[in-house]
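Reader: I have a two-chain model open on my screen and would like to talk it through with you. Could you walk me through it slowly?

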Amino acid sequence: MNLTRRGMLKRVIAGSAIALVPFGAFAEWMEASFKADSYSSALTAMGSEGAVASDKVTLKAPEIAENGAVVPIQVSSTLENIESISLLVEKNPTPLTAQFKMFPGLKPDFKIRVRMGETSKVIAVVKAGGKSYTAESEVKVTIGGCGG
Amino acid sequence: MRIKAKLKGDVATVKLLIKHPMESGRRKDEAGNVIPAKYVTTVTGHVAGAQVFEVNSGAGVSKNPFIQVILTGRAIGDKIDFKWTDSSGATEEDSVTLK
């Protein structure tokens, strides 16, 4: 390894920055939200009850998914001060599927593939400035992806 | 994991493909026994020690998760370190260098 003074300093600074945030808000997996077994209880666990629909949230999902095991979803938003972007599948056993956290330099535009057990609404919930905004899309599933 | 990154100007589009069964805990094996839940719960991304990405996930993410992330303000030579952790505590790390 090539150890220069500058390189060492960088490493020391980076190391101490990590040490200062010991599993804070970022490192926590929100068990109550991810294990909530209904859409409304997931929203409550996330602190997003009373979320309102917004045209500044865009959810792209197929109208018909032939295979519920792999449903491609894209979510993006033009809202300011975004804290997190969550994806929920209303009729899945545990609706909350993914929650993206925001960082400087991270574009609020994500793609992910989700499982759907049956035809359901997919909802994107964007938390921004302490409020929650949603966009939703209905996906028809012809073969479910959650059974055995 | 497989990582593909494309840099255009200062915008990096990164595609992650994680090899993972994403067992939801609701499937049964041939003998009728429930296969215990085991799924990726967190994926993080760091550049030079600074966090740039994090997603928390549940049992509803597809098997062999695919995630696309877009990072701005990036440059050639930036190394992005990704790491996933699953519900059993297993982890895997991999990185991509922008070119």
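Author: Let me start with a term: a residue counts as buried if 20 or more other C-beta atoms, placed from the backbone, lie within 10 Å of its own, as exposed if 12 or fewer do, and as partly exposed in between. This is a predicted model, in which local features need pLDDT of at least 70, side-chain atom pairs count only at pLDDT 80 or more, and totals for chains, interfaces and linings use all residues. Residues are numbered from 1 along each chain as its sequence is written, while chains are lettered from A and ligands numbered from 1 in the order in which they are written.

Reader: OK, which residues are buried in helix 3 of chain A?

Author: In helix 3, which spans residues 39–46 of chain A, the buried ones are Ala42(A), Leu43(A) and Met46(A). Seen down the helix axis, they fall within an arc of 100° (taken over the directions from the axis to the C-beta atoms), so they line one face of the helix. Helices (H or I, at least four residues) and strands (E, at least two) are DSSP runs, numbered from the N terminus.

Reader: And what do those buried residues pack against?

Author: They pack against helix 2 (31–35), strand 5 (82–89), strand 6 (96–101) and strand 8 (120–128) of chain A, where a contact means C-beta atoms, placed from the backbone, within 7 Å. Just after helix 3, Gly47(A) takes a positive phi of about 75°.

Reader: Switching to the sheet, what is the order of its strands?

Author: It is an open sheet of six strands in the order 2(A)-4(A)-7(A)-5(B)-2(B)-1(B), with antiparallel pairing, and two strands pair if DSSP finds at least two bridges between them. The edge strands, each pairing on one side only, are strand 2 (57–60) of chain A and strand 1 (2–8) of chain B.

Reader: How many bridges join strand 7 of chain A to strand 5 of chain B?

Author: Two bridges join them, in the antiparallel sense, and Lys111(A) stands opposite Gln68(B). Strand 5 of chain B also pairs with strand 2 of chain B over six bridges, with Ile70(B) as the bridge partner of Thr13(B).

Reader: How many residues does each chain give to the contact?

Author: Chain B gives 30 residues and chain A gives 33. On the chain B side, strand 4 (50–57) gives the most, with seven residues.

Key. Two residues are in contact if their C-beta atoms, placed from the backbone, lie within 7 Å.
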